[in-house]
Amino acid sequence: MPSRTYKRHDRSDIFIHWFNAACWLLLLLTGVGLIQNPDVDPFGSGYPAWLRSVVGGGGNLLAIHEFIGLAWIAGFVLYLLVNFRGARFFLAEVFAVSPARDMGWMLKKMVLMTLGPKALKAVGVSPDLPDQGYYNMGQKAFAQASVVGGVVIAATGVIMYLSDRTFGAESTGMIGWAVALHFISVGLVFAGLLVHVYMAAVSPEERPGFKSMFTGVVPGDYARHHHRLWWEKVRTEPEQGSE
Ligand code: HEM
C-alpha cells in the first residue's frame, strides 16, 4: 500500500513557492545593501558600498528593490487569481491548530532534535510524536509567520514606496512605523527561514518533502509516517501525478 505516491502540490503551488523564495533572496540582498547605518548593518558597510557601486548608486538600488517587491506582490495576486482554492486550502491547513496534539508535537520534536529520545524516556514520556495532518506544527508555525510577516512586509513596503511619491509631511509618523515594522517582520521571518531551509533542504528525513516541491508528489510511506492524519484522508483517493 505505501509504495504508491500522493499528490501534495500542483504546478501553481510549486511555482509560487520558488517564485517567493527567489524574490526573498533578491529582496534580502538588495534590502541589506540599502542599509546605511554602521550600527545595524549586518555585514558592515563594505557590502552596501560595493552593491551601490555595482548598480550605479543608492537611487538605482532602491528602484531595483522596489521593482522586485512590486513584482513579488503581483506574483501573489496572479497566484490567487489562478489558484484561489489552493490558497484557501493552504491557509485553512496552516491556521488550524489543535493545541493538545500540535503543542505536544512541537515540544517533543524540540527535545528529540536537541537531547534525543533518552531525555523523554528518562522522564517517563513516550518519544513517539503525535500524528500530524497536511503540515506538522513546525511547518505551520513557520507558514503562519511567513503569511502574517509577508502581508506586513508587503503593506509597509507599499507605504514606503508611496511615501517618496505622494505622502506629505503629516504622514511622517506612519512612515516611521512602516519602516520599523518592515524591519521587524523581515527579521522574524528570516529567523524562521533558517530553520525552514534546514528542515526542508538539509535534514535527510524530510528529503521526500523537498523532492515534492519539484515533482508535486510524495511516496506513501513518507506520507503515512510524517503526515498520518492527511494520509488517512487521501489514501483511498485514486493516485495522481503533479498536474
Ligand atoms: C532555499 C530556500 C527554500 C527551500 C529549500 C524550501 C523548501 C521547501 C519545501 C521542501 C517545502 C515543502 C514542505 C512540504 O510540503 O512537505 C516548503 C514549503 C513551504 N515553504 Fe519553503 N523553501 C525555501 C524558501 C522559502 C521561503 C523564502 C519562504 C517564505 C519566506 C518559504 C515558505 C514556505 C512555506 C510557507 C511552506 C509551506 C509550509 C512548510 O512546509 O513549511 N520557503 N519549502
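One term before we start: buried means under 20% relative accessible area, exposed means over 50%, and partly exposed is anything in between (1.4 Å probe, protein chains only). This is a predicted model, where local features need pLDDT of at least 70, side-chain atom pairs count only at pLDDT 80 or more, and totals for chains, interfaces and linings use all residues. Residues are numbered from 1 along each chain as its sequence is written, and side-chain values use heavy atoms, leaving out hydrogens and water.

First stop: select H17. With a relative accessible area of 24%, H17 is partly exposed.

What do H17 and H196 hold on to? Through their NE2 atoms, they are the protein donors of the ligand's iron atom, lying 2.0 Å from it. (Donors are N, O and S atoms within 2.8 Å of the metal, or 3.2 Å for Na, K and Ca; water is not among the atoms, so sites may look incomplete.) Colour the helices (DSSP runs of H or I, at least four residues) and you'll see the pair link distant parts of the chain: H17 sits in α1 (residues 11-34) and H196 in α8 (residues 172-202), 179 residues apart.

Next, select Y6, V94, W230 and W231. They are among the 11 residues of the largest nonpolar core, a set of buried Ala, Val, Leu, Ile, Met, Phe, Trp, Tyr and Cys residues joined through side-chain atoms within 4.5 Å. Helix α11 gives the most to this core, with three residues.

Last stop: another core of nine residues lies apart from that one, including W24, I68, A154 and V189.

Conventions: Helices (H or I, at least four residues) and strands (E, at least two) are DSSP runs, numbered from the N terminus.
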